[in-house]
Structure formats: structure tokens, C-alpha cells
Amino acid sequence: MIDKYKRNINYLRISLTDRCNLRCRYCMPEEGVVPKLNHEDILRFEQILKIIKASSLIGINKIRYTGGEPLIMNGIDNLIYETSSIEGIEDISITTNGILLCDAAGDLKKAGLNRVNISLDTLNEKKFNSITRGGDLNKVIQAIEKCISLGYSPVKINVVLLKGINDDEIQDFINLTLDMPIHVRFIELMPMGTAVDLYKDENIKCDEIIKNFTVLEHITNEKSSTAELYKLPDAKGLVGFIRPISCKFCSSCNRIRLTSTGTIKPCLHSKQEYDIKPYIENEENLILLLKKIILSKPVEHHLEAGISSSEKMMYEIGG
Ligand code: SAM
Ligand code: SF4
């Protein structure tokens with residue numbers, strides 16, 4: 001469906017849970033999510049499938065499952081299988097921290113998962129353990145290798161840039177693309193939730209990297225892709241830069257977001273949020289509401305003000 005600003009909204013991102021098996025310092029408080037949501041407050045998979053079905057009737061054809069950590073959800077392979085059976089859904093992906101992915105990747109592929117984005121901010125074991133407050137880097141590396149061997153394409157690696165923490169590894173990440181058919185995507189830290197306090201000292205703009213790595217060749221990127229793509233000469237993979245702060249991509253934004261409690265956010269960084277739970281059982285009314293929500297999508301975010309206006313945290317929305 002085309003919104004008020006002539007953007008074709010065809011992409012629904014779904015946060016399956018606000019819980020996670022890691023505690024990345026820029027995303028979650030150390031103690032985890034408090035208070036914990038009640039089971040009945042979280043959308044059931046049958047409800048999510050009804051929302052996807054209604055969305056597909058107004059032009060949504062891409063689905064991404066995220067979280068919290070989507071792979072802690074039992075039965076996600078069945079959810080993906082059911083999603084792939086909905087007419088009109090052409091692309092299903094997940095964003096995951098990769099900890100549980102190595103074992104799950106084969107079944108998820110059989111179920112119909114097309115693509116994976118794996119978050120990885122460092123290639124150093126100790127640093128990984130410290131950034132994620134307890135994660136095991138080897139599990140993520142094994143998951144990346146497994147996904148490549150299973151033929152997921154492209155496997156995307158999301159690296160949040162953190163000054164003084166991982167900026168000494170930018171070259172190492174870029175070099176991974178020489179031999180691996182992956183997209184390494186550097187993401188600017190966004191000032192929301194626990195990241196607000198870190199932002200002043202740790203944010204790095206992608207422009208600084210692009211300026212320093214002149215060997216990277218610019219590649220034209222698809223419209224509505226959030227990443228600007230580059231390539232090392234003769235590399236198997238690509239390098240992407242996601243610049244929500246230094247270079248807004250709002251004018252080509254094609255997405256809306258469903259949270260695990262059944263609200264839709266038409267913009268990641270806006271306060272606007274609509275509770276669609278009461279409408280799920282009536283497809284006609286649900287479609288009317290979804291259309292209204294898409295028409296209310298703001299023209300752009302205002303992150304440049306230094307703080308996100310979202311009242312939800314990143315782990316509740318899914319990025
Ligand atoms: N747990 C999964 C994961 O880590 O991939 C999915 C959810 S996580 C919220 C989605 C993405 O948001 C991850 O790539 C994570 O690094 C990113 N993220 C979280 N907080 C962020 C922030 N303040 N700024 C930029 N990216 C952030
Ligand atoms: Fe969990 Fe992902 Fe947030 Fe890290 S970024 S705490 S893995 S939800």
C-alpha cells in the first residue's frame with residue numbers, strides 16, 4: 001500500500017518477544033526486562049499469522065522476525081512454515097544474535113526462512129563476552145559458517161559501531177568480506193534506551209569510516225534498502241553502512257513494526273503506537289485499521305535531536 005508520502009509499505013517487522021538470552025550493553029539493562037510481561041499479554045503465533053494474512057491483503061510481502069531474541073521462542077520453525085504458506089508473502093527473514101542459530105538454521109531453512117541477519121559487534125572473544133554481558137563468540141561464528149554452508153544468501157552481519165570499543169576492528173570486519181559471501185553492515189548507534197547514556201562518548205558516524213577506507217568501491221543500492229553498499233576489489237562479500245543519524249533513509253522507508261504485545265509502530269523512532277489486539281479476530285476491521293496506521297506513518301524521524309522519541313525500547317521493537 002502507498003502511504004501519504006508515496007512510499008510503498010510492503011515490509012512488516014515482527015518482534016516475537018522482548019526477552020533475550022544476551023544483555024548487550026547498548027540495548028538491555030543488565031538485570032534484563034523488568035517487569036516481565038505476562039504470558040497472556042504476548043501475541044500468540046495464531047494471532048501473528050492472522051495479522052500477517054490481513055497485512056498481505058494490503059500489499060505486505062516481506063516479513064522479518066526479530067525480538068528480543070526470536071530464536072528463544074519455541075515453535076518458531078512452525079511459525080515460519082505457516083508464514084511461508086500465506087499467499088503473497090515472498091520473503092521471510094530473521095534478525096538474531098546467533099547464539100542458538102547453528103542448531104536451528106537447517107530446520108528454519110526447511111520451514112521456509114529465506115535470509116538471516118546476525119548481530120556481531122566484535123571478533124574478540126573477551127570483548128564479545130563483555131559487550132553482550134555473557135555471550136559466547138564461538139557459537140555465533142559457528143552459526144555464520146553453518147548459514148553460509150546451508151546456502152542462505154546473503155548472510156548479513158550487523159555491527160553496531162561503538163567508539164573506543166570496536167572501532168579498532170573495522171578493518172578486520174571489512175576483510176571478512178574478501179573470502180566470505182557475507183554482507184558486513186556497520187550501523188550507527190541510535191540514542192534510545194540504555195544507549196542514550198553511551199551515545200555521547202561512543203557514537204561514530206559511518207561517514208568517518210567511508211572517508212578512511214577509500215579502497216571501498218561504491219555500489220548502487222536498491223531503493224528502500226537501509227544500507228548503502230560498498231565492495232573491496234575482488235571480494236566475495238559486500239560492506240554496508242546504515243546511517244539513520246548521519247543520512248536519513250526515511251523518504252524510502254517501506255516498513256511498519258509489530259511489537260510482541262500487539263501494537264504497531266509506523267515509525268521506529270516515533271511515539272505513535274496503535275493497539276491492534278482487539279481487532280485481530282475481525283479481518284475486515286483489522287485491514288481498515290492497518291490502512292489507517294500506514295496512512296499515519298510520519299514523514300521522518302527526529303533522531304538528530306539526540307534522543308529517540310520512541311517510548312518502547314529497542315529490545316521491544318526489534319530494531
Ligand atoms: N536479538 C536480536 C539481535 O540482536 O540481532 C534481534 C533484536 S536486536 C534489538 C536487533 C538489532 O538492533 C541488533 O542488530 C542490535 O545490534 C541492534 N540494536 C540494538 N540497540 C541498538 C541501538 N541503540 N542502536 C543501534 N542498533 C541497536
Ligand atoms: Fe538481545 Fe539483540 Fe538486544 Fe543484544 S541487541 S540484548 S541480543 S535483543
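In which loop is the place of Cys-267? Cys-267 sits in the loop between β11 (263-265) and β12 (274-275), where strands (E, at least two residues) and helices (H or I, at least four) are DSSP runs numbered from the N terminus. The model is predicted: local features need pLDDT of at least 70 and side-chain atom pairs count only at pLDDT 80 or more, whereas totals for chains, interfaces and linings use all residues. Residues are numbered from 1 along each chain as its sequence is written, chains are lettered from A and ligands numbered from 1 in the order in which they are written, and side-chain values use heavy atoms, with hydrogens and water left out.

**Annotated cysteines**

- An unreviewed UniProt entry carries the annotation "binding site" for Cys-250, Cys-253 and Cys-267. These three residues are spread over 18 residues of sequence but cluster in space, with a largest C-alpha distance of 9.2 Å. UniProt positions follow the numbering used here, feature names are shortened, and annotations may be inferred rather than shown by experiment.
- Cys-267 is buried at 11% relative accessibility; buried means under 20% relative accessible area, exposed over 50%, and partly exposed in between (1.4 Å probe, protein chains only).
- Leaving aside neighbours within four places in sequence, Cys-267 is in contact (heavy atoms within 4.5 Å) with Pro-298 and His-301.
- Cys-253 belongs to the loop between β9 (238-242) and β10 (255-258). Its relative accessible area is 15%, so Cys-253 counts as buried.
- Not counting residues up to four places away in sequence, Cys-253 touches Arg-7, Ile-9 and Lys-297.

**Ligand 1**

- There are 18 residues around ligand 1, of which Tyr-26, Gly-68, Glu-69, Ser-119 and Met-190 come nearest; a residue is near a molecule if one of its heavy atoms lies within 4 Å of it.
- The shell around ligand 1 divides into 7 nonpolar, 9 polar and 2 charged residues. Nonpolar covers Ala, Val, Leu, Ile, Met, Phe, Trp, Tyr, Cys and Pro, charged covers Asp, Glu, Lys and Arg, and the others, Gly among them, count as polar.
- At least two residues of this shell come from each of β3 (91-96) and β5 (155-160).
- A polar side-chain atom of Ser-119 is 2.5 Å from an oxygen atom of ligand 1, and a polar backbone atom of Thr-96 is 3.2 Å from an oxygen atom of ligand 1. A polar backbone atom of Met-190 lies 2.8 Å from a nitrogen atom of ligand 1.
- Ligand 1 taken alone exposes 550 Å², and the protein buries 94% of that (Shrake-Rupley method with a 1.4 Å probe).

**Ligand 2**

- Cys-20, Leu-22, Cys-24, Cys-27, Met-28, Gly-68 and Asn-97 are the residues around ligand 2.
- This shell comprises 5 nonpolar and 2 polar residues, with no charged residue.

**Backbone features**

- The peptide bond from Val-34 to Pro-35 is cis, with omega near -5°. Pro-35 is in the loop between β1 (11-15) and α1 (45-56).
- Ser-153 and Pro-154 are also joined by a cis peptide bond, with omega about -5°. Pro-154 is in the loop between α5 (137-150) and β5.
- Lys-6, although not a glycine, has a positive phi of about 65°. Lys-6 is in the segment before β1 and is exposed, with a relative accessible area of 73%.
- Arg-133 is not a glycine either, yet has a positive phi of about 50°. Arg-133 is in the loop between α4 (125-131) and α5 and is partly exposed, at 32% relative accessible area.

Notes:
A polar contact is a pair of N or O atoms within 3.5 Å; within protein, one must be able to donate a hydrogen and the other to accept it, and residues adjacent in sequence count only if both atoms are side-chain atoms.
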